[in-house]
Amino acid sequence: MIDSITQKAGIIAAAAFGVVLVSSAGYSSASAQGLPEGFKKGDLAPEPSAEMIEAGKRVYFTKCVWCHGVDGAGDGPGADRLWPRPRNFNQGTFKIRHTASGELPLFDAKKPVPGQNDLFETVTHGLPGSAMPPWEGILTEEQRLQVLSFVTTQLVKDRKFTDKQSETQTVLQLADLKPKPATDESKKRGGELVVEKKCVECHGMEGRGDGNAFNLKDDWGFSIQPADWHKCWNFRGSRQDPYNVGNIFRTFSTGVNGTPMPSFADNTTVDERWDIANFVNSLCERDALGNPLPIDPLTDKPKINFVIPSDMVEGEIPTEIDHEAWQKAPKRYVAMGGQITHKPRNFVNRIDDIWVRSLYNDKSIVYLIEWDDRTKSVAEGKLPWAPTQVNIIDVKEQDPKTGEEGSIAAHQNNYTVYNDAIAIQTAVKWKELPAPIKPRYLFGTNDQFPVDIVKWEADGSLRAFKGTGWDKDFEERDNYEESMKLLKGEWKDGRWYVMIQRPVGNKKDQDYDEDTFFEVGQYIPTVFFAWDGHNGDAGRKMAVSAFFYTFMNPPIPQETYIYPAVIAVGVVLLEGWVLTRRANKKKGKTL
């Protein structure tokens with residue numbers, strides 16, 4: 001088990017983050033006081049002024065009450081539709097902190113300093129992977145401090161930020177603890193530690209959050225899931241800096257209050273926590289060269305390239321993902337959102353991205369689609385509807401009643417389990433579409449502009465349909481079994497790998513009525529759909545992408561390789577002739 005997870009750490013490249021300079025003198029006093037290594041005693045901040053609190057109240061009831069509620073109990077009008085639910089401030093339980101486990105976070109209404117004001121940074125940067133947005137650019141710095149002054153003094157009811165008798169501040173000195181270089185040795189040791197400390201029991205052997213995905217609850221009894229370490233941009237405390245190893249170090253040092261995630265400060269050294277952080281950080285998705293993916297500042301997710309390139313290969317298209325051709329194929333990040341346009345809507349979407357690669361030859365084009373899913377979901381028994389049905393009345397929309405017991409968060413992991421599934425939608429008559437017109441993204445427009453939908457399900461089935469509108473059931477196509485093939489459908493350690501082969505067009509037959517004609521050098525509108533069976537996804541309750549474009553890269557002509565070689569040889573010969581002639585002239589003059 002150790003070898004499996006540490007081997008992954010040894011393969012993945014990461015940049016060095018500097019030299020470890022932990023001053024033993026600086027923390028010997030902390031050890032003497034019985035404090036965890038890397039922590040120091042801090043002082044409670046003074047209470048904000050009455051003016052700050054009153055101004056913050058106005059901000060709160062303008063911007064925050066809709067989720068967090070009138071009394072700050074996390075029960076605002078929008079709370080029942082959110083998962084995870086908005087923070088209940090009343091108990092004073094906050095996740096992202098520089099303070100020891102169980103302590104209140106750092107907050108000083110007069111000091112908006114990074115690393116010294118946890119709540120201010122949370123409001124500023126938001127909490128990725130949740131509905132809490134970044135408020136920088138919407139609220140001024142002063143307004144953010146004001147609203148937090150109101151929250152900490154009026155809405156936190158069970159504790160008091162200024163109570164010196166019952167509250168302490170034991171502060172992680174992260175700014176003084178310079179990161180350890182992310183060497184292979186450090187990552188290997190970190191991989192061993194996450195097994196030794198039993199992190200894999202929740203986060204899984206590959207760190208995809210599939211170890212204990214459906215039995216964890218927060219302090220309020222709501223279902224939660226372990227973090228997927230391969231998606232660092234979804235880390236709640238990433239501070240819009242997802243590849244910063246310091247954020248991971250902080251989380252392992254302080255724990256995540258209100259969840260089963262403990263602090264490791266008491267049973268690990270600073271050096272060991274850097275090893276763990278380096279290993280976890282190395283698992284986050286990177287480009288082919290091992291560099292961090294560029295992050296879109298508007299979404300805090302990886303930047304999107306809307307072209308799905310398909311490279312040509314000679315002979316048969318390989319089915320092994322480790323094959324050189326697949327390793328060289330560009331891997332595209334495809335963001336997925338819950339379908340909320342038509343009922344049944346998917347307000348809680350568990351598949352927020354997929355990864356797509358493609359190869360083709362003279363007969364076929366193959367899509368390799370990968371996505372993280374914490375469980376392999378296969379429906380028990382026969383589904384109560386036909387594969388062509390879109391208007392499925394048996395799938396209830398996530399439409400909770402008012403109150404925590406009727407909320408989406410309370411219903412998580414209690415849905416009827418259907419099949420995990422993935423579908424590729426392409427425009428059939430894309431050549432007839434005047435730019436920039438495309439069929440409707442959701443199952444096509446009408447009979448005039450239909451779409452071709454190829455759908456795989458976790459029961460092993462692969463079907464092809466014709467879509468003519470969001471509100472119309474599919475038409476199953478004839479004889480598609482002869483031209484389409486499932487090359488791979490495997491779930492392993494929290495990740496699906498699906499490889500679908502379909503035919504490309506030829507010059508003799510371009511009049512396709514149902515099947516998309518794939519042509520080299522053309523941009524073919526493509527949409528992806530995904531269903532998480534454990535989330536009760538079926539029919540229109542699913543995740544959907546924006547429009548992408550499949551582009552079959554033209555093969556590189558042989559002349560491209562021959563001509564430069566011929567020219568290079570010619571240049572060498574010409575230079576040799578010139579040099580020889582010069583030498584002969586000099587020799588003649590000398591004689």
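Predicted model: local features only at pLDDT ≥ 70, side-chain atom pairs only at ≥ 80, totals over all residues.

Colleague: Which cysteine has the sulfur nearest to that of Cys202?

Modeller: Cys202 takes part in no disulfide. The nearest cysteine sulfur is 8.6 Å away and belongs to Cys199.

Colleague: Is Cys64 buried or exposed?

Modeller: The sulfur of Cys64 lies 8.8 Å from the closest cysteine sulfur, that of Cys67, which is too far for a bond. Buried means under 20% relative accessible area. The value for Cys64 is 14%, so Cys64 counts as buried.

Colleague: Which handedness does the disulfide of Cys232 and Cys284 have?

Modeller: The sulfur atoms of Cys232 and Cys284 are 2.2 Å apart, and the two residues form a disulfide. This pair links distant parts of the chain, 52 residues apart: Cys232 lies in the loop between α7 (200–203) and α8 (245–254), and Cys284 in the loop between α9 (270–283) and β3 (295–296). Both Cys232 and Cys284 are buried. The torsion about their S-S bond is about -70°, so the disulfide is left-handed.

Colleague: Is Glu482 buried or exposed?

Modeller: Glu482 belongs to a surface patch of negative charge, together with Glu476, Asp478 and Glu481. Its place is in the loop between β13 (475–476) and β14 (485–492). Exposed means over 50% relative accessible area. The relative accessibility of Glu482 is 71%, so Glu482 counts as exposed.

Note on methods. Residues numbered from 1 in each chain as written. Heavy atoms only, no water. Patch = residues over 30% accessible without salt bridge, like charges linked within 9 Å, V, L, I, M, F, W, Y side chains within 5 Å. Areas by Shrake-Rupley, 256 points an atom, 1.4 Å probe, with all protein chains shown as cover. Salt bridge = Lys/Arg side-chain N within 4 Å of Asp/Glu carboxyl O. Lys, Arg positive; Asp, Glu negative; His and termini not counted. Charge placed at Lys NZ, Arg CZ, Asp CG, Glu CD. Helix = DSSP H or I, 4+ residues; strand = E, 2+ residues; numbered from the N terminus. Buried < 20%, exposed > 50% of the residue type's maximum accessible area, 1.4 Å probe, protein only. Disulfide = S-S within 2.5 Å.
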